[in-house]
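Okay, thanks for making time, everyone. Let me put the model up on the screen, and then we'll walk through it.

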Amino acid sequence: MSKYMRSMKGLIDAVDHVGKNFISINDMSNEQLLNLFELGKELELFNRSKVDLFDDRMLALMFFQPSTRTRMSFQTAMERMGGNVIVENTPQTTSSIAKEESLADMLRCVSQYANVIVLRHPNDVDAREGASYSSAPVINGGWGHWEHPTQALLDLYTLWRKFGHIDGLKVTVAAADMIEARTGHSMAQGLARLGAEVTIASPKDKAVPREVIENIKKNYPNAKLEEAYDFEKDSFNEFIRDKDLVYLPGCSAPAGATAEAFKKVMDDYFVKHETLDEEREKGHMIYVTHTLPRRAGEMDLAIDDTPNQLCFESILHSVSIRMALLTAILGA
Ligand code: CP
């Protein structure tokens, strides 16, 4: 066995997650997450090349909601490692779900083909119940309004690669609706657990679910996790001046009569590129990332042309950290 493969095997052993589900960011301890980041760094070699690690393994992608990034980066990750992929993109019309098959039966069957499954689903209760029938490990690719833990993994990994650590970083997770922001729920917990100083900013009537706060307070009493409510654009831009990262999990304006009122609230959490430029000139970098997809009005697109944006850097990191997660689950 080469020195490289021994190092990989050591890291897989250290992550200690072979054969297990990854449904919540809390499914791994801090030590496991940091070992997973080390594994991701080792696998960066194969972001744009191929290695035959898993030519006998099959990944099933079951996506009950639209996706570009999560679906394609998992497929890229598996294929870069020599593995095979089966995809169900439109199960509501092309699978036996259209014939009223249950998700439980579908997962029972697909787990006989696949060694690991990524499931995206609009209802986290149904997804959790369905996953319990799978004989192969299941990865949450975004479930309802609950969690999207692999998005948090890639954003945490991007920060870790940028700063070399997560502890001590000042971060705000901000949205006009933090109730439905599943990426925000996973990321806020991951950041706080790993020692960042986190403030979740939102309107008070759209505050993050209590479960997110209580999980952290109960299990990590020393974590620094606060909430701040009801900003307006100017006060929000003042608030972010001392932050290292502004994390925008995004939200959709509802259709219909309330759309315009909601868009005005979205404006209150709009990061102005002038704020970032002024701080950068003083020597302080405020990174900004949006988990994508984004819509016009959610963030200042002028930030894309500055060194402050992390959205697209994180896309490349998404392949290495998803390679690491698949490797940690599939084993050496
Ligand atoms: N960030 C994210 O989950 O993007 P997709 O919906 O394109 O997968």
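Quick housekeeping first: residue numbers run from 1 along each chain as its sequence is written. It's a predicted model, with local features needing pLDDT of at least 70, side-chain atom pairs counted only at pLDDT 80 or more, and totals for chains, interfaces and linings taken over all residues, while side-chain values use heavy atoms, with hydrogens and water left out.

So, which residues are around the ligand? They are Ser67, Thr68, Arg69, Thr70, Arg120, His148, Gln151, Thr291 and Leu292, where being around it takes a heavy atom within 4 Å. That shell divides into one nonpolar, six polar and two charged residues. On the classes: Ala, Val, Leu, Ile, Met, Phe, Trp, Tyr, Cys and Pro count as nonpolar, Asp, Glu, Lys and Arg as charged, and the others, Gly among them, as polar.

Now the polar contacts, meaning pairs of N or O atoms within 3.5 Å. His148 has a side-chain N or O atom 2.9 Å from an oxygen of the ligand. Gln151 puts a polar side-chain atom 2.9 Å from a ligand nitrogen. With Thr291 it's a backbone N or O atom, again 2.9 Å from a nitrogen of the ligand. The ligand on its own has 250 Å² of accessible area, and the protein covers 92% of that; that's Shrake-Rupley with a 1.4 Å probe.

Where does the ligand sit? The space it takes is the largest pocket, and the test for that is more than half of its atoms within 2 Å of the grid points. For the grid folks: it's a 1 Å grid over the protein atoms alone, a cavity is a set of points where a 1.4 Å probe fits but cannot get out, a pocket is an open set with protein on both sides within 12 Å along at least five of seven lines, and lining residues have an atom within 4 Å of a point. Volumes are the space filled by probe spheres set on the points, joined across faces, edges and corners.

That pocket holds about 800 Å³. It has 31 lining residues, and the closest to its centre are Arg182, Gly250, Cys251, Ser252 and Arg295. Helices H3 (69-80), H8 (182-193) and H11 (259-267) are the elements giving two or more residues to that lining; helices here are DSSP runs of H or I, at least four residues, strands are E runs of at least two, and both are numbered from the N terminus.

The second largest pocket has about 160 Å³. Helix H1 (residues 3-15) gives the most to its lining, four residues, and the lining as a whole splits into seven nonpolar, two polar and two charged.

How many cavities of 30 Å³ or more turn up? Three. The largest is about 90 Å³, and its lining includes Gly250, Cys251 and His290.

Last, the backbone. Leu292 and Pro293 are joined by a cis peptide bond, omega about 0°, and Pro293 is in the loop between strand E9 (287-290) and helix H13 (311-330). Glu100 has a positive phi, near 70°, without being a glycine; look for Glu100 in the loop between helix H4 (91-94) and helix H5 (103-113).

How values were computed:
A polar contact is a pair of N or O atoms within 3.5 Å; within protein, one must be able to donate a hydrogen and the other to accept it, and residues adjacent in sequence count only if both atoms are side-chain atoms.
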